[in-house]
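Please look over the chain shown here before reading the points. They go from the whole fold down to single residues.

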Amino acid sequence: MTPAAPSFALLPGAAASPVILHVPHSAREIPAGVRAGIVLDDGALERELDHITDAYTARIAEEAARLAGATPWRFVNRLSRLVVDPERFPDEREEMRAVGMGAVYTRTTRGEVLRGDGLDPEPLVERYFRPYAAAMTEAVRERLAAVGRAVVVDVHSYPTERLPYELHGEGPRPPVCLGTDAFHTPPELLAAARAAFAEIGETGLDSPFAGTYVPLEFHGREPAVSALMVEIRRDTYMSEPGGPAGAGLPRLASALAALVDAVS
């Protein structure tokens with residue numbers, strides 16, 4: 001990757017739309033220089049990517065944007081989360097560091113070594129994490145300036161069966177899990193999501209994954225920024241792990257578009 005080819009893209013929506021569909025974990029691409037620091041052989045790396053990638057979530061967001069009455073903005077990570085995970089804290093605040101999965105992963109979903117001991121994560125954080133965070137912050141700032149509010153909808157997926165790395169995977173695994181933040185997820189946003197995804201099946205709350213992404217500049221400070229994480233169980237739209245998309249994908253895109261319309 002070069003500075004002329006950023007590792008993320010902000011895809012424009014309607015000028016009056018407050019909605020940003022954030023898609024951080026859909027890609028599988030790993031730049032050659034980053035790949036050199038990963039100890040897995042090619043076959044093992046492909047298997048890990050099958051498990052860790054939120055496959056087709058960028059496609060779900062793209063189709064939802066096409067269907068929505070007011071086109072939402074989309075912020076899409078172009079690189080695998082095995083490069084850096086833009087949704088982790090880059091420091092000791094991140095609980096996933098306990099399983100080697102902070103901003104820069106050192107272990108796989110099954111606890112195996114991904115990067116060798118003694119890794120200095122700072123070059124990867126500097127090259128990939130900080131520019132991503134700054135760009136996402138600016139995207140939210142622009143929506144605030146344009147329409148007075150921003151609604152970040154974090155689009156994820158998760159496996160049907162719990163993987164060893166999950167710290168809180170013992171709870172329910174509904175077709176759609178809605179991750180919330182006490183400050184940034186107002187009741188009306190949650191209600192709109194429950195209504196939009198009702199046809200997919202049960203919607204759960206903060207299980208097996210909790211929380212949602214808000215740029216730190218606004219987190220806990222700016223009530224005009226609302227946010228919700230949408231975690232889609234993968235068997236609702238694809239063959240696991242890493243297989244093709246199925247007939248459920250258009251239904252999910254339509255449901256996500258309904259949510260966009262409800263909060264726009």
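1. Basis. This is a predicted model, in which local features need pLDDT of at least 70 and side-chain atom pairs count only at pLDDT 80 or more, while totals for chains, interfaces and linings use all residues. Residues are numbered from 1 along each chain as its sequence is written, and side-chain values use heavy atoms, with hydrogens and water left out.

2. Overall make-up. The chain has 6 helices and 7 strands. Helices (H or I, at least four residues) and strands (E, at least two) are DSSP runs, numbered from the N terminus. In sequence order the pattern is β-β-α-α-α-β-α-β-β-α-β-β-α. The radius of gyration is 17 Å, close to the 18 Å that the globule rule gives for 264 residues, so the chain is as compact as a globular protein of that length. That radius is taken over C-alpha atoms, and the rule is 2.2 Å times the number of residues to the power 0.38.

3. Of the 264 residues, 53% are buried. Buried means under 20% relative accessible area, exposed over 50%, and partly exposed in between (1.4 Å probe, protein chains only). Among contacts (heavy atoms within 4.5 Å) between residues at least 6 apart in sequence, 78% join residues at least 24 apart.

4. In what order do the strands of the open sheet lie? The order of its 7 strands is 1-3-2-4-7-5-6, and the pairing is mixed. Two strands pair if DSSP finds at least two bridges between them. Strand 1 (8–11) and strand 6 (203–205) are the edge strands, each pairing on one side only. Strand 2 and strand 4 run parallel and are joined by 4 bridges. His22 stands opposite Asp154 in strand 4.

5. Helix 3. Which residues of helix 3 (residues 57–67) are buried? They are Thr57, Ile60, Ala61, Ala64 and Ala65. These residues cover an arc of only 135 degrees around the axis, which puts them on the same side of helix 3; the arc is that of the directions from the helix axis to the C-beta atoms. An α-helix has 3.6 residues a turn, so residues three or four places apart point the same way. The cover over the buried residues of helix 3 includes strand 2 (19–23), strand 3 (73–77), strand 4 (150–158), strand 7 (225–233) and helix 6 (248–263).

6. Ile60. This residue of helix 3 is buried, with a relative accessible area of 0%. Leaving aside neighbours within four places in sequence, the contacts of Ile60 are Ile232, Tyr237, Leu249, Leu252, Ala253 and Leu256. Ile60 and Leu256 are 196 residues apart along the chain, yet their C-alpha atoms are separated by 8.0 Å.

7. Aromatic pairs. Rings of Phe, Tyr and Trp (its six-membered ring) pair if their centres lie within 6.5 Å; planes under 30 degrees apart count as stacked, over 60 as edge-to-face and the rest as tilted. The count comes to 5 aromatic pairs. The rings of Tyr56 and Tyr237 have centres 6.5 Å apart and planes at 90 degrees, so this pair is edge-to-face. Tyr56 lies in the loop between helix 2 (42–52) and helix 3, and Tyr237 in the loop between strand 7 and helix 6, so the pair ties together parts that are 181 residues apart in sequence. Tyr56 is partly exposed at 25% relative accessibility, whereas Tyr237 is buried at 2%. Ring pairs also link Phe8, Phe75 and Tyr132 into a cluster.
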